[in-house]
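Hi everyone, thanks for coming.

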Amino acid sequence: MIETTVNFLNALLWGKLLVYGLVGAGLYFTIRLAFIQITHFKHSGEIMLKSRQGESKGGLSSFQVFCTSMAARVGAGNMAGVAVAIGAAGPGAVFWMWLIAMLGMATAMVESTLAQVYKVRDQDGQYRGGPSYYMEKGLGQRWMGILFSVFLIIAFGLVFNAVQANTITGAMTQVFGFDPMYVGIAIVVLSAFVIMGGLRKVAKVSEVVVPVMAIAYILIAFVVVAMNIEKLPDVFMLVIRSAFGLQEVVAGGVAYTIAQAMQAGIARGLFSNEAGMGSAANVAASASPNPNHPASQGFVQMMGVFVDTIVICTATAAIILLAGDMGTSNDGIKLTIDALSQHVGTWGGGFIALAILLFCFTSIIANYSYAETNVIFLSGNSKKALPIFRVCVLGMVMFGAVAKISLVWNLADVSMGLMATVNIIALLLLSGLAIRVINDYRQQLKSGKTPTFDASKFPELANLEGDIWTSKTVAEEIRAQEAAHDSRS
């Protein structure tokens with residue numbers, strides 16, 4: 001009964017609503033922002049180079065926020081998810097991952113900018129924000145923020161963490177023969193150690209682990225491509241032909257293949273890069289912007305979507321497709337392990353198992369940080385509910401370690417689809433403000449200035465209670481807080 005209901009909701013959400021919603025929103029933002037993901041791609045990289053600056057007692061540096069969001073993005077979706085999509089719908093799914101990522105870069109720009117505009121401070125002085133906050137403060141609809149928070153807590157705090165744990169145990173069982181129960185216990189202990197320290201500890205761990213694991217995985221993919229360079233043009237054409245059904249000869253089969261590839265590619269692409277879902281916006285709000293403007297964090301998160309899908313997901317796809325016909329399997333991580341082992345030998349399996357351990361573990365702790373912000377939103381900026389919630393998160397990690405993978409993945413798709421639907425509606429309703437804020441940044445940049453946000457230019461922000469942008473710049477506000485903290489010490 002549960003599985004039937006989950007499958008029905010998935011078919012409704014991913015077969016119709018979100019395919020049109022995500023692609024449509026991405027196209028709309030891309031056009032309204034004049035293809036900002038292309039025209040300002042270099043600028044996004046420049047901001048990333050300076051992103052270690054800005055950490056304070058009130059906020060995280062943009063680099064820490066980037067690494068935390070990448071920790072959540074780079075996980076099961078990049079390795080097992082890509083393999084599942086290829087196994088279920090063919091190589092054409094990769095093309096639709098690329099497309100949703102390019103469009104999603106503009107969507108990520110909008111949602112992260114809004115998260116910065118409407119961010120607040122919690123009782124410990126930490127920046128908090130995200131879709132639930134801009135739904136309440138920007139739209140005046142707290143009920144909508146509550147709905148989003150509930151979906152996110154279910155998705156990221158509970159279901160997605162079960163998916164990540166499931167992927168870790170699958171890799172460890174296949175490669176090393178470990179008992180899933182013991183692997184689950186180990187993951188729970190390590191996760192508990194980090195999440196008990198809250199958002200700042202999650203960010204500290206992420207900024208150390210994420211760059212190392214991402215660079216190592218990309219390098220091994222480059223090695224595989226170099227070993228099979230002569231096959232690369234054929235594999236690329238296979239992806240394009242499969243995406244549009246051009247290799248099929250039966251007319252009815254063409255439409256079915258295109259639909260399957262599009263659905264699988266968009267679903268797995270969004271699961272991986274999270275653009276439009278509203279998840280990364282939660283941590284984007286925690287940054288102390290550098291330069292001092294809400295749109296700066298939008299550029300950082302836009303680059304995160306690119307690195308996640310265009311770079312890392314493509315690396316996985318290359319490893320799998322260059323291995324030739326590996327058959328089809330619902331066990332995505334097995335397909336990835338088998339493919340890399342075929343390229344480099346038996347040590348490839350051990351490498352993938354280690355990569356999965358690091359990728360998925362950092363996803364668990366980053367997913368928790370997203371959910372933590374929404375638990376605080378629901379509890380009226382109080383942290384009293386966090387200890388109980390942390391126990392629930394760890395319980396789901398243990399459940400995921402020994403659960404049936406197909407049901408876990410399907411539950412992840414449903415919860416992700418529901419929260420993405422609510423967020424897309426809010427983004428479209430607030431898009432006018434977001435685009436004006438982003439254009440304000442670009443106009444200052446074009447005139448040779450360092451962009452600085454002046455909230456008085458935006459009448460919508462005049463009556464926000466406790467808003468940090470309306471009275472002082474972020475830099476001034478941070479200095480005032482730190483001076484007060486030092487005087488008390």
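Let me start with a question: how many salt bridges does the count come to by this rule? The rule is that a side-chain nitrogen of Lys or Arg lies within 4 Å of a carboxyl oxygen of Asp or Glu. The count comes to five salt bridges.

Before the details, a word on the ground rules. This is a predicted model, in which local features need pLDDT of at least 70 and side-chain atom pairs count only at pLDDT 80 or more, while totals for chains, interfaces and linings use all residues. Residues are numbered from 1 along each chain as its sequence is written, and side-chain values use heavy atoms, with hydrogens and water left out.

Now the overall picture. The protein chain has 20 helices and two strands; these are DSSP runs numbered from the N terminus, with helices being H or I of at least four residues and strands E of at least two. Of its 489 residues, 59% count as buried. Buried here means under 20% relative accessible area, exposed means over 50%, and partly exposed is in between, with a 1.4 Å probe and protein chains only. If we take contacts between residues at least 6 apart in sequence, 82% of them join residues at least 24 apart; a contact means heavy atoms within 4.5 Å.

Back to the salt bridges. E372 pairs with R128, and their closest N and O atoms are 2.8 Å apart.

The next pair is R142 with E136, where the closest N and O atoms are 3.2 Å apart. Here both residues are partly exposed, R142 at 30% relative accessible area and E136 at 27%.

Then there is R436 with E460, with 2.0 Å between the closest N and O atoms. R436 is partly exposed at 35%, and E460 is partly exposed at 37%. There is also a network: salt bridges with shared partners join R128, E372 and R390.

Let's turn to the nonpolar side. A nonpolar core is a set of buried Ala, Val, Leu, Ile, Met, Phe, Trp, Tyr and Cys residues joined through side-chain atoms within 4.5 Å. The largest one has 152 residues, and W14 and Y217 are those with the most contacts inside it. Helix α16 gives the largest share of this core, 17 residues. In soluble globular proteins, nonpolar side chains tend to be buried together.

What does W14 touch, leaving out residues up to four places away in sequence? Its contacts are V19, L22, Q263, I266, A267, L270, D413, M416 and G417.

Now for two helix pairs. Helix α4 (residues 62–73) packs against helix α14 (residues 295–321) at an angle of about 35°, and their axes are 10 Å apart. Axes are lines fitted to C-alpha atoms, for helices over the stretch in contact, and angles run from 0 to 180 degrees between N-to-C directions. The α4 residues that meet α14 are S62, V65, F66, S69, M70 and R73, and among their partners are V300, M303, V307 and I312. By class, this contact has eight nonpolar, five polar and two charged residues. In that scheme Ala, Val, Leu, Ile, Met, Phe, Trp, Tyr, Cys and Pro are nonpolar, Asp, Glu, Lys and Arg are charged, and the others, Gly among them, are polar.

The second pair is helix α9 (residues 180–195) with helix α10 (residues 198–227), whose axes come within 8 Å and cross at roughly 115°. F193, V194 and I195 in α9 meet G198, K201, V202 and V205 in α10.

Two last stops. L357 is in helix α16 and is partly exposed, at 28% relative accessible area. Leaving aside neighbours within four places in sequence, L357 is in contact with I168 and M172.

Finally, please find the loop between α1 (2–32) and α2 (36–39), where A34 is placed. A34 is not a glycine, yet it has a positive phi of about 55°. F35 lies in the loop between α1 and α2 too, and F35 also has a positive phi of about 55° without being a glycine. A34 is partly exposed at 40%, and F35 is partly exposed at 44%.
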